[in-house]
Amino acid sequence: MKAILTVIGKDKVGIISGVSSELSALEINILDVSQTIMDGYFTMMMMLDITTTKPFDDIKSQLAKKGEELGVKISVQREEIFNSMHKL
């Protein structure tokens, strides 16, 4: 199963490292990533392979907690939900 992860917040050192380390601890593979800094704000979007034994709600909760620790907002959605929300 695939999921879309977004990260938004004030830019600072360690955001990418913190997010990717948490994903590694959850045994989640990063399939694709795009990130940029716009006027001091960090934004990142990742496509993830969430084929794991952990329940999706636990993954979502753990990543949100990591976002709080890093001072950013981390959101994750199943790919099919993301796609249906962003179709014209």
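1. Two strands are taken to pair if DSSP finds at least two bridges between them. On that basis, this predicted model contains an open sheet of four strands in the order E2-E3-E1-E4, with antiparallel pairing. Strand E2 (29-38) and E4 are the edge strands, each pairing on one side only. From one strand to the next, the twist averages 15°.

2. Strand E1 (residues 2-10) pairs with two strands. With strand E3 (residues 41-49) the antiparallel pairing extends over nine bridges, and with strand E4 (residues 73-78) it extends over six bridges, again in the antiparallel sense.

3. Thr6 illustrates this arrangement at the level of a residue. Met45 in E3 stands opposite Thr6, while Ser75 is the bridge partner of Thr6 in E4. For Leu5, the residue standing opposite in E4 is Val76. In a regular strand, side chains alternate between the two faces of the sheet.

4. How do the helices lie on the strands? H1 lies across E1, E2, E3 and E4 and runs at about 20° to E3. Helix H2 (residues 56-70) lies across E1 and E4, running at about 160° to E4.

5. Beyond its neighbours within four places in sequence, Asp11 is in contact with Ile37, Gly40, Tyr41 and Phe42. Its C-alpha atom is separated by 9.4 Å from that of Gly71, 60 residues apart along the chain.

Terms used: Residues numbered from 1 in each chain as written. Predicted model: local features only at pLDDT ≥ 70, side-chain atom pairs only at ≥ 80, totals over all residues. Heavy atoms only, no water. Contact = heavy atoms within 4.5 Å. Axes fitted to C-alpha atoms, helices over the stretch in contact; angles between N-to-C directions.
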